[in-house]
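Subject: Structure handover

Hello,

Here is the structure you are taking over. Please open it beside this email and find each residue as you read.

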Amino acid sequence: MDFAYPVLSSLIFFPLLAAAGLFFIRGESIVRKYTLIASLIEVVLALPLTAYQFNADFQFIERLSWVPQWGLEYHLAVDGISILMVWLTLFTLPLCVLCSWTGIGKRIKEFHICLLFMTAACIGVFTSMDLVLFYVFWEAMLIPMYLLIAVWGGDERKYASIKFFLYTLAGSTLLLVAIVAFRIAGGTFSIPDLMQQTFSFRFQCLCFLAMALAFAIKVPMFPFHTWLPAAHVQAPAAGSVILAAILLKMGTYGFLRFCLPLTPAASEYFAPMMIAISIASILYGGAVALGQSDIKKLVAYSSVGHMGFVTLGIFLFNQRGVEGALFQMLNHGVVTGGLFMMIGTVYERSHTRDISKNMGLGKYMPAYMFFWGLFSLASLGFPGTNGFVGEILVFIGAFKHSLLVGLLLVPGALLGTAYMFRVSLKMAWGQPSAAKDWKDLCPREWVFLLGPAVMVFYIGLAPGVFFQMITPSVEKLLAQYDSGRVATRTVETTQTLAHVPTTGLGNAKN
């Protein structure tokens with residue numbers, strides 16, 4: 001698909017160019033307005049993506065030789081698995097600028113540079129079709145995210161930022177090992193080319209374990225989740241929004257882009273383990289969230305449970321499960337991102353995230369509680385909201401896979417309802433500890449909350465266009481997975497027969 005300019009490259013490099021422009025701008029207000037305008041221009045540059053064709057092919061392809069001696073290419077493209085993540089990233093940036101308009105009071109210029117740099121790195125991750133290029137963007141996003149927590153975080157920001165960095169860096173090291181192994185075994189770094197090859201079962205198992213650990217840390221899955229609550233609680237509102245809306249999706253995107261098509265036999269072999277860990281994440285995240293007194297920590301632990309639904313849907317290996325996983329990736333970004341923006345909004349008024357000190361808001365901030373109630377219902381999967389679409393698809397896929405797996409999801413859904421109703425009822429109708437003179441939502445807050453609210457209803461009531469985007473790519477992915485499993489078994493069987501002694505058979509014939 002040809003356009004007058006390279007669409008995907010412009011989405012990666014324009015934020016970097018805008019970030020460079022910030023070095024020449026002075027004045028806090030001008031910096032904020034400049035970044036907001038840049039974020040809106042970024043969305044405008046993405047308008048050609050609306051011409052995306054509803055098929056399984058890679059589209060908007062850009063392919064240039066990068067380092068010919070090593071076989072490296074600057075190769076970008078999108079399909080139904082990645083295009084929704086690109087759009088989610090694009091719309092998250094202006095919301096982050098708006099929700100941090102008054103909450104960030106120091107190093108304003110550096111803060112917005114980090115936001116722009118993060119956007120470029122995240123889009124690069126979701127569009128890279130070369131393993132090394134993917135890894136470059138994967139690692140690049142660590143730097144601005146670390147700075148967002150370490151510089152603009154809470155009182156324990158140093159501990160949280162270092163823990164985040166070390167956890168994700170450890171996983172990234174294993175991912176690099178897998179990338180090198182694929183280059184040696186497959187002779188290329190090109191992801192589409194590697195998808196056409198068949199690797200030995202042993203090789204697949206080793207690469208799967210290396211990649212799965214890196215992706216499980218990023219999701220994060222139980223028991224690799226301990227960095228997430230600390231990072232969320234200490235990060236500023238915009239940092240938490242980026243973490244929830246985009247960074248966590250990189251792990252599940254990695255499972256879909258790499259593990260299933262490149263290591264299909266190993267994915268099948270380790271699927272029971274991944275399903276068990278996913279269910280543990282759902283139950284553990286919900287149970288721990290139910291006992292939290294800090295609003296932000298509650299939503300952070302809820303993310304562990306919600307992302308457990310995503311990884312479960314992926315490793316069910318059926319169409320409804322994988323479609324549900326993709327919907328949940330999008331829905332979690334919209335809903336949990338909205339909740340973290342609302343937590344930042346109330347924190348600016350009360351200067352605390354303790355539930356007991358933010359009760360009775362229904363009387364003082366009715367508009368705020370309307371949005372909180374809407375996002376809470378979407379979070380627990382209430383019919384008519386976007387959360388219901390993804391959750392019901394995962395449930396259908398789970399029961400299709402196994403009655404036991406489906407039944408184990410029921411307590412997870414109930415826990416989600418319990419902790420969201422508990423915090424929402426207290427915040428709306430609880431007895432406030434003191435009289436409050438808080439003002440309700442200002443126009444700026446209405447703007448950054450209306451966007452996610454519209455998406456909650458649009459995806460929940462009219463998900464057809466999203467199905468049209470993802471279904472062909474999901475069908476292609478599952479077909480690659482099935483053919484890859486069969487091809488691996490054929491190769492293994494052939495190699496086994498080749499080593500069977502034939503002397504006895506020859507004597508018998510004689």
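Below is what was found, grouped by part of the chain.

Please keep in mind that this is a predicted model.

Helix H16

Helix H16 runs over residues 366-379. Its 14 residues reach 20 Å from the first C-alpha to the last, close to the 20 Å expected at 1.5 Å a residue. The helix is mostly covered, with 10 of the 14 residues buried. Among the buried ones are Tyr368, Phe371, Trp372, Phe375 and Ser379. What covers them? The cover includes helix H13 (295-314), helix H14 (319-350), helix H15 (361-364), helix H17 (386-401), H18 and helix H19 (443-461).

Ser379 lies in H16. It counts as buried because its relative accessibility is 8%, and the cut-off for buried is under 20%. Leaving out residues up to four places away in sequence, Ser379 touches His306, Val335, Leu339, Glu391 and Met420. Just after H16, Gly381 has a positive phi of about 80°.

Helix H18

H18 covers residues 403-429. Is Val423 buried or exposed? Val423 is buried, since its relative accessible area is 0%. Apart from neighbours within four places in sequence, Val423 is in contact with Ile295, Leu298, Ile355 and Trp372. Trp372 is also one of the buried residues of H16. Val423 and Ser356 are 67 residues apart in sequence, and their C-alpha atoms are 9.6 Å apart in space.

Leu414 counts as exposed, because its relative accessibility is 56%. Leu414 belongs to a nonpolar patch on the surface, together with Phe399, Leu403, Leu407 and Val410. The accessible area of the patch is about 460 Å² in total. Which helix gives the most to the nonpolar patch? Helix H18 does, with 4 residues.

Salt bridges

How many salt bridges does the structure hold? There are 8 salt bridges, and three of them are described here.

In one, the side chains of Arg63 and Glu73 meet at 2.8 Å, N to O. This pair links distant parts of the chain: Arg63 is in strand S1 (residues 59-67) and Glu73 is in strand S2 (residues 72-78), 10 residues apart. Arg63 is partly exposed, with a relative accessible area of 41%. Glu73 is partly exposed too, with a relative accessible area of 21%.

Another salt bridge joins Glu445 to Arg349, and their closest N and O atoms are 3.0 Å apart.

Asp482 counts as partly exposed at 35% relative accessibility, whereas Arg485 is buried, with a relative accessible area of 16%. Through shared partners, salt bridges also join Arg63, Glu73 and Asp193 into one network.

Thr471 is in helix H20 too, which spans residues 464-498. Thr471 counts as buried, because its relative accessibility is 16%. Not counting residues up to four places away in sequence, Thr471 touches Gln319 and Glu323.

Cysteines

How many disulfides are there? The count comes to 0 disulfides. Cys114 is in no disulfide, and the nearest cysteine sulfur, that of Cys96, is 12 Å away. Cys114 is buried, with a relative accessible area of 7%. Cys205 is likewise in no disulfide, and the sulfur of Cys207, the nearest, is 9.7 Å away. Cys205 is buried, at a relative accessible area of 11%.

Ala170

Ala170 is found in helix H7 (residues 157-186). It is partly exposed, with a relative accessible area of 43%. The C-alpha atoms of Ala170 and Leu326 are separated by 26 Å, and the two residues are 156 residues apart along the chain.

Regards

Note on methods. Residues numbered from 1 in each chain as written. Predicted model: local features only at pLDDT ≥ 70, side-chain atom pairs only at ≥ 80, totals over all residues. Heavy atoms only, no water. Helix = DSSP H or I, 4+ residues; strand = E, 2+ residues; numbered from the N terminus. Buried < 20%, exposed > 50% of the residue type's maximum accessible area, 1.4 Å probe, protein only. Disulfide = S-S within 2.5 Å. Patch = residues over 30% accessible without salt bridge, like charges linked within 9 Å, V, L, I, M, F, W, Y side chains within 5 Å. Areas by Shrake-Rupley, 256 points an atom, 1.4 Å probe, with all protein chains shown as cover. Salt bridge = Lys/Arg side-chain N within 4 Å of Asp/Glu carboxyl O. Contact = heavy atoms within 4.5 Å. Expected span 1.5 Å × (residues − 1).
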